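Good morning, colleagues. Please look at the display as I begin.

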Protein chains: 2
Amino acid sequence: MRSPSKPNAPKQGAAATPAQVTTVEHTLDTSYLESLLGYNARRAALSVIALFLKRMAPFGLKPVEFSVLTLIAHNPGITSRQTCSALDILPPNLVGIIKSLDQRGLIIRKAHPTDGRAQGLHLSAQGRRLQNEAQMTATALEGDAAHALTPAELDKLKALLRKVYQN
Amino acid sequence: MRSPSKPNAPKQGAAATPAQVTTVEHTLDTSYLESLLGYNARRAALSVIALFLKRMAPFGLKPVEFSVLTLIAHNPGITSRQTCSALDILPPNLVGIIKSLDQRGLIIRKAHPTDGRAQGLHLSAQGRRLQNEAQMTATALEGDAAHALTPAELDKLKALLRKVYQN
DNA sequence: TATTGTTATACTCTATAACTATA
DNA sequence: TATAGTTATAGAGTATAACAATA
């Protein structure tokens, strides 16, 4: 997470000391790194995810688990393989997640109607309830994670981000 | 990485099949996830970083190593502790990075002028050359990572991202 | 022959506790 | 007493190879 411990950011009231700054003043030059898309995207993502983790803790859901649950909710009968493609997860790494959600009684694995190898994923009644509450929490979190942005700016930001990673 | 294997994205030419889609058509509904800031920020960050990793491989630099090297280049004499704060890295995790850069002859650790516990970090001549080339590569990468965006959109995106994680 | 779900496994990243030497 | 750098270590996340069952 590493959130509540960042006493950085150039204090505005810092009376411009001439040249030699021998004191413990954190007047570091990070301007170049802050000009890079990857650096900014990663820092922003970690910041939002830190808040996500805190708010989702009561539901026992980490980001990927929420994504999987939400994907199943909106696509009943989806297979593991499709879930992997959609979320860019490797199949071996999804196995444990699915197993965990299954053991918690949140999802149900049914035999696939046409493909004997695959299995369709569905939410249980309990899973539907939890996903519904979690989704409302995630939606409410949006404004808080980007409290420095106007709603229009937030929409613009998300649209630009999608243009970066889609195709 | 997980880049060269994403045959997702709703194909435009897909003739709208009525209702029952039993074929292996990946018409998954990911619209809700794509409405979330955290999801979009993470996907975009991973996409940019994947390209970064590829382009920086010739220099033997991973994102964090590049960040550390660049921070030292622009702030000669910076301490490990300051580096940790600026990049949101935990001290134990920086030790190995510094040690590696030192053993590669890219940085030099000098005794801190006033604090006997600390040590100032500096680039060697070789480190300066490598950082310079890597920085030019990173700058050139910007446009390619966000080829779907105009230069103005890219600037706007980075400004919005900074507003999310700063303060 | 190719694909789905799976196991086993390795490698990286991130996090906590505790030590030493200096302040 | 607090801080800088460090060690050791645990836990999460991410990656590859290989297998059985089915297509």
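I shall describe one chain first and then the interface between two chains.

Please keep in mind that this is a predicted model. Chain A contains six helices and two strands. Along the sequence, these elements follow the order α-α-α-α-β-β-α-α. Of the 167 residues in chain A, 42% are buried. If we take the contacts in chain A with a separation of 6 or more, 53% of them join residues 24 or more positions apart.

Let us turn to the interface. How many residues of chain B are in contact with chain A? There are 61, and they touch 61 residues of chain A. Between them, the two chains bury about 6,100 Å², with carbon and sulfur atoms giving 64% of that area. On the side of chain B, the three residues B:Tyr32, B:Leu37 and B:Tyr165 supply 12% of the area buried against chain A, more than any other three residues.

As for specific interactions, two salt bridges are counted between chain B and chain A. One of them pairs the side chains of B:Glu153 and A:Lys163, at 3.4 Å from N to O.

Several helices of chain B contribute at least two residues each to the side touching chain A, among them H2 (63-74) and H6 (151-165). The largest share, twelve residues, comes from H1(B). By type, this side of chain B comprises 30 nonpolar, 17 polar and 14 charged residues.

Terms used:
Residues are numbered from 1 along each chain as its sequence is written. Chains are lettered from A and ligands numbered from 1 in the order in which they are written. This is a predicted model: local features need pLDDT of at least 70, side-chain atom pairs count only at pLDDT 80 or more; totals for chains, interfaces and linings use all residues. Side-chain values use heavy atoms; hydrogens and water are left out. Helices (H or I, at least four residues) and strands (E, at least two) are DSSP runs, numbered from the N terminus. Buried means under 20% relative accessible area, exposed over 50%, partly exposed in between (1.4 Å probe, protein chains only). Contact means heavy atoms within 4.5 Å. Buried area is the accessible area (1.4 Å probe) that two parts lose on being put together, summed over both. A salt bridge is a side-chain nitrogen of Lys or Arg within 4 Å of a carboxyl oxygen of Asp or Glu. Ala, Val, Leu, Ile, Met, Phe, Trp, Tyr, Cys and Pro count as nonpolar, Asp, Glu, Lys and Arg as charged, and the others, Gly among them, as polar.
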